[in-house]
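Thanks for coming. Please have a look at the model on the screen before I start.

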Amino acid sequence: MRDLSPIFLSTVGLGISFGGYIPLVALWLEIQNISFLKIGIITGSASLGVIISAYYGPLVVRKIGYLKACIIGLFIGSIASISFRYFDTEIIWICLRVIAGLGFGLHWVVSEAWLGNLVNNNNRTKALSIYTSAMALGFTIGPMIIWATGYVTKAPFFIIGIIQI
């Protein structure tokens with residue numbers, strides 16, 4: 001099997017984003033006295049970006065390739081997620097979450113397609129198992145960053161975002 005560690009390592013980072021930003025955004029919005037309904041809408045709006053990325057991901061890969069698409073996706077997701085903490089308007093928060101979903105979703109879709117393209121049928125299950133484990137590891141680390149830093153300051157937004165870049 002080829003060296004797939006760059007895909008797996010970036011997938012840990014992607015998992016950290018998903019595992020960290022969802023509870024972080026919700027916790028931070030709660031201390032801003034945002035209603036639970038609005039917290040759900042704002043936090044969940046990232047899924048719209050993921051869906052859009054799933055549709056346009058193949059087009060992006062054809063234009064710039066797998067590696068550049070993954071890097072750009074993580075960069076967009078990170079910048080949007082870090083930026084979230086600097087605004088206090090609900091519509092901007094929703095837009096930033098959608099943009100973060102676009103970026104992280106692009107990496108998610110493209111990295112899975114890239115992985116499927118690189119491995120043969122004999123190694124596909126093993127490669128996808130490692131990929132899934134890398135994502136799950138990230139899901140575990142993300143909330144641990146919040147636990148270690150708290151959620152009142154900008155620190156967890158930066159730490160989770162910088163891990164991507």
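First, how to read it. This is a predicted model, in which local features need pLDDT of at least 70 and side-chain atom pairs count only at pLDDT 80 or more, while totals for chains, interfaces and linings use all residues. Residues are numbered from 1 along each chain as its sequence is written, and side-chain values use heavy atoms, with hydrogens and water left out.

Now the helix pair. Two packed helices are described by the angle between their axes and the distance between the axes. Helix α1 covers residues 5-31 and helix α2 covers residues 36-44; their angle is about 145° and their axes are 10 Å apart. Axes here are lines fitted to C-alpha atoms, for helices over the stretch in contact, and angles run from 0 to 180 degrees between N-to-C directions. Helices are DSSP runs (H or I, at least four residues), numbered from the N terminus.

Which residues make the contact? From α1 they are Ile-22, Val-25, Ala-26, Leu-29 and Glu-30, and from α2 they are Phe-36, Ile-39, Ile-42 and Thr-43. Contact means heavy atoms within 4.5 Å. By type, the contact of α1 with α2 has 7 nonpolar residues, 1 polar and 1 charged. In this count, Ala, Val, Leu, Ile, Met, Phe, Trp, Tyr, Cys and Pro are nonpolar, Asp, Glu, Lys and Arg are charged, and the others, Gly among them, are polar.

Next, single residues. Gly-13 is in helix α1. Is Gly-13 buried or exposed? Gly-13 counts as buried, because its relative accessibility is 7%. The cut-offs are under 20% relative accessible area for buried and over 50% for exposed, with partly exposed in between (1.4 Å probe, protein chains only). Not counting residues up to four places away in sequence, Gly-13 touches Ile-163 and Gln-164.

Ser-78 sits in helix α4 and is buried, at 0% relative accessibility. Leaving aside neighbours within four places in sequence, Ser-78 is in contact with Phe-104, Gly-161, Gln-164 and Ile-165.

That brings us to Ile-165, in the segment after α7 (155-164). Ile-165 counts as exposed because its relative accessibility is 60%. With neighbours within four places in sequence again left aside, Ile-165 contacts Phe-75, Ser-78 and Ile-79.

Last, the pockets. Rolling a probe the size of a water molecule over the atoms shows where empty space is left. On a 1 Å grid over the protein atoms alone, a pocket is an open set of points where a 1.4 Å probe fits, with protein on both sides within 12 Å along at least five of seven lines, and lining residues have an atom within 4 Å of a point.

The largest pocket has a volume of about 200 Å³. It is lined by 13 residues, and the closest to its centre are Ser-10, Leu-67, Cys-70, Ile-71 and Leu-74. Helix α4 gives the largest share of that lining, 5 residues. The lining of the largest pocket has 9 nonpolar residues, 4 polar and no charged.

The second largest pocket has a volume of about 170 Å³. Of its 14 lining residues, Phe-18, Ile-22, Ala-46, Ser-47 and Arg-97 are the closest to the centre. Here α5 gives the most, with 5 residues.

Note on methods: Helices (H or I, at least four residues) and strands (E, at least two) are DSSP runs, numbered from the N terminus. Grid points are joined across faces, edges and corners, and a volume is the space filled by probe spheres set on the points.
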